[in-house]
Structures are given as C-alpha cells and as structure tokens.
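Hi,

Here is the structure I promised to pass on. Have a look at it first, and my notes on how the chains meet follow below.

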Protein chains: 2
Amino acid sequence: MAAARTTRRNGRRDALLQAAAEVFFEQGYAATSIDAIIERAGGSKRNIYNEFGNKEGLFSAIVRESADNLLSPLVIEEIEGHDLRATLTAFGRHSMDAYMSPTLIGIYRIAVTEANRFPDLVKSFYEQGPGRTAVRLAEVLEAARERGEIQADDCLRLAGHFVGMTRDNLHLQVVLGLRPPPSDEEAREAVASAVEIFLNGVRRSRK
Amino acid sequence: MAAARTTRRNGRRDALLQAAAEVFFEQGYAATSIDAIIERAGGSKRNIYNEFGNKEGLFSAIVRESADNLLSPLVIEEIEGHDLRATLTAFGRHSMDAYMSPTLIGIYRIAVTEANRFPDLVKSFYEQGPGRTAVRLAEVLEAARERGEIQADDCLRLAGHFVGMTRDNLHLQVVLGLRPPPSDEEAREAVASAVEIFLNGVRRSRK
DNA sequence: CGTTTATGGTAATGGTCGTTACCAGTCAAG
DNA sequence: CTTGACTGGTAACGACCATTACCATAAACG
C-alpha cells in the first residue's frame with residue numbers, strides 16, 4: 001500500500017515538528033538553528049527542507065498545528081445547564097490550565113516576539129485562542145443578561161475583564177520565567193477569587 | 001572643564017541608546033545587528049564597543065534605563081486624599097498609559113522573548129514595573145480594608161486581579177500588533193468599566 | 001602647540017547559519 | 001531484481017554578523 005510510506009512519512013514529520021517546536025519555543029525563532037533541531041530530532045537537514053521547504057515553512061506548520069491542538073478544546077465546553085458561577089469557574093479553570101501549559105506559554109512567547117515577522121500567523125493564533133475564548137464567554141454572559149442574572153452593556157468587554165483577571169500577573173510571571181506554573185491548588189484559588197469579584201461586580205448597578 | 005567632553009559623550013551615548021532601543025524593540029535581540037543600529041544612529045561601531053563593551057552590554061543598558069524612565073513615574077502617584085474609586089481610576093489610567101506606550105510595549109515584547117537569555121534583567125524589569133505597581137496598589141487596598149470600605153483577605157491577589165482586568169485582551173492585542181493602542185477615550189471607558197466591576201465586587205461579601 | 005581622546009569609515013577575522021549538493025545506504029513497489 | 005523515493009551524514013556555498021584592527025580626522029585639554 002501507499003499507506004506504509006505515508007505512515008512512515010507522517011511519523012517523521014511529527015518527530016520533526018515536535019523537536020522543532022521544543023527548540024523554537026525555548027530559544028525563539030531567530031536564535032533557533034536548523035542544526036539544533038536536527039540534533040534533537042536525528043536525521044538530516046534534507047528531511048526538513050523536503051517536508052517544509054524552509055525555516056519559515058517549518059515554523060508556520062508548528063504554530064498552526066500546535067495552536068489547533070491546544071486551543072480547540074478550550075472552546076467546546078459544557079457551559080449550559082449550570083448557573084453562572086459554576087460556568088465561570090469551569091471557564092476560568094480551563095483557560096488557566098491552557099494558558100499555563102508549557103506549550104501555550106511557548107507559543108505565547110513566540111507570538112509576542114514574531115508579531116512583526118509573521119503577522120498572519122499571530123492573527124490566527126489570537127483569533128483561534130484568546131479571541132475565540134472571549135467571544136464564547138461573551139455569549140454566555142449575554143445569555144445571563146437576558147435571563148436577568150447580570151447587568152451589562154458590553155458583554156465582550158466584560159468577558160475581556162474576566163479573562164484578564166484570571167490571567168493576571170500570574171501569567172506574566174510564568175511567561176517571564178520568574179515562577180513555575182501554579183499548582184492546581186493555586187489555580188483553583190485564583191480562579192475562585194476572580195469569579196467572586198466578577199460575579200459580585202456584575203450583579204449590581206452599572207453606574 | 002571635563003563637562004564638555006562628558007556632555008558630548010552623553011549625547012552620543014543617548015543617541016546610541018535611543019537608536020538601539022528602536023531597533024531592538026522592533027526586531028528582537030537576536031535579529032538585531034550592530035550595523036542596523038549604526039545605520040540608524042550614524043557614526044561607527046567603535047562607538048558602541050567603546051561605550052557598552054558588547055551587544056549584551058548595550059542591550060542591558062537599554063532595558064535598565066528605559067525601564068527606569070518609564071516605570072518610576074508609575075509609582076509616585078497622588079493616591080491618598082481621594083476615595084477608592086478616584087484612586088483606582090487614576091491608577092488604572094496611569095498604568096494603562098504606561099503599558100500601552102510604544103516603549104513599554106517594546107520592552108514587554110523583548111522581556112518575554114529573552115527571558116531565558118537575560119533572566120536577571122527580566123526579573124528586575126518585573127519587580128520595578130508590574131510587580132511594584134501591584135504591591136503599591138495592594139497597600140492602597142489594605143488601607144481601604146482597614147477603613148472598612150472593602151472586604152478582602154489577600155490584597156496582593158486583589159491588586160493582581162485589578163491590573164489584570166485593566167490590561168485585559170487589549171494589551172494582548174496591542175502587543176501582538178493586531179490593533180493600535182487605545183485612544184484616550186477607549187482607555188477611559190475600559191478603566192471605568194474595570195473600576196466599576198472591581199469596586200462592586202469587592203464591596204460585598206467574600207464568600 | 002602638542003598630546004590625548006573620541007570619531008567616522010572601511011575592511012579584516014572568525015564564526016554561525018540557511019540552504020543546496022553529493023554520496024551511500026535503505027526500503028517499499030512493480 | 002530493479003527502479004525510484006526517502007534517509008543520514010558530511011561538506012560546500014553565500015550571506016550575515018559580532019568583534020577587532022587600521023587609518024585619518026577633529027575636538028578637547030594642558
């Protein structure tokens with residue numbers, strides 16, 4: 001079958017992608033050399049150039065596939081059928097887990113740095129990740145508003161406030177390498193605190 | 001006097017620093033060449049090596065001095081003598097202005113990328129900037145708690161929530177180059193909204 | 001004025017890196 | 001078995017770059 005060759009080829013491709021992702025996320029785009037990737041993945045540089053064309057092609061493939069794998073599960077959550085507090089808590093925990101995962105920290109770092117070099121990639125990263133999360137959360141808030149549970153005039157802005165509150169300085173410190181990702185315990189506390197403030201803040205009068 | 005030489009030298013030094021900052025913030029550390037800096041600043045590479053030793057020295061000087069200039073005014077604000085809403089609003093506006101300024105966006109970008117290469121620099125950036133801001137705000141909240149205006153158990157965490165709320169997805173979008181910094185109008189709205197939620201959220205029961 | 005010191009410009013040195021070429025081995029397909 | 005594609009390894013080519021050297025000029029100081 002052709003499947004055998006295809007399978008082997010895909011295995012190689014995945015190994016290359018994974019090794020390259022590690023090095024890129026660790027060192028940044030400019031500081032990463034093809035040799036360093038091959039050193040980690042084994043094989044020869046020809047593999048990379050046959051499969052991805054050049055360094056940019058390899059990098060684009062990484063960002064696209066990693067973002068897909070990591071960000072998709074962020075959105076398809078069970079959000080209906082619970083009250084707002086439970087929904088927000090679940091939302092906060094999931095996004096906290098995602099944002100703090102080493103891979104997403106890596107992608108975040110590189111997206112920030114290479115914003116000028118790869119504007120399209122960065123745009124799609126944002127839209128599939130933080131952007132989509134905020135839009136989804138805004139829908140939840142909108143529904144709550146229609147049920148009269150909260151008062152709000154701009155649900156998308158509110159959603160932004162909420163995710164900002166959960167990201168917090170914690171995310172910044174982790175991104176800067178100043179502290180390790182929070183334990184489950186810490187994450188739960190931080191989310192609980194954010195949910196509490198947000199719920200109270202939103203239930204009352206909007207000036 | 002020696003002042004003449006010193007003055008001239010300092011002028012040269014500042015010109016180099018400014019040009020280098022522009023290029024570094026635009027392109028990142030690894031992708032910035034000494035030639036590119038000289039092209040923008042004029043003169044010769046000897047200037048840089050005489051003044052800063054090497055590329056790392058130049059970069060360190062930039063981060064140190066830019067951070068100092070930009071972050072110091074963030075802390076010494078008139079915060080007493082007003083009620084909490086006014087204080088928070090002032091705080092939010094000032095930190096929003098600072099975080100969204102092109103220079104600080106540049107520093108932020110490069111701090112995120114070069115966290116591995118320059119851990120000490122990144123640490124001092126955080127402590128002098130976001131860290132100190134949060135600590136200062138926590139003191140304000142602590143005072144408000146003692147006056148009985150708010151209920152809280154961990155003021156530093158609350159401070160983090162507040163700055164996170166003002167930073168928000170807005171900051172992320174600007175850092176990623178997906179939108180320009182907000183106008184004064186937008187900034188004011190965002191801060192007002194965050195203050196409102198935060199105040200209401202914090203005034204009521206902490207479960 | 002004479003000496004030191006910084007400056008501008010250009011080129012050399014040594015190294016790294018992206019990319020391509022070459023060669024020898026492997027393995028699936030007809 | 002033979003063909004053709006893919007692989008591993010090493011080396012080559014060009015380009016770029018950090019750093020140093022060299023030289024000629026101009027400013028600053030005694």
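In this predicted model, helix H8 (residues 155-175) of chain A and helix H8 (residues 155-175) of chain B cross at roughly 110 degrees, their axes coming within 6 Å. Helices here are DSSP runs of H or I with at least four residues, numbered from the N terminus; axes are lines fitted to C-alpha atoms over the stretch in contact, with angles from 0 to 180 degrees between N-to-C directions. H8(A) and H8(B) are therefore roughly perpendicular (65 to 115 degrees). The crossing is right-handed, meaning that the near helix is turned clockwise from the far one by less than a right angle.

As for the whole interface, 48 residues of chain B touch 48 residues of chain A. About 4,300 Å² is buried between the two chains, 58% of it from carbon and sulfur atoms; this is the accessible area (1.4 Å probe) that both lose on being put together, summed over both.

Two notes on conventions. Residues are numbered from 1 along each chain as its sequence is written, and chains are lettered from A and ligands numbered from 1 in the order written. Local features need pLDDT of at least 70 and side-chain atom pairs 80 or more, while totals for chains, interfaces and linings use all residues, and side-chain values use heavy atoms, leaving out hydrogens and water.

Best wishes

Definitions and conventions: Contact means heavy atoms within 4.5 Å. Helices (H or I, at least four residues) and strands (E, at least two) are DSSP runs, numbered from the N terminus. Angles under 35 degrees count as roughly parallel, over 145 as roughly antiparallel, 65 to 115 as roughly perpendicular and the rest as oblique.
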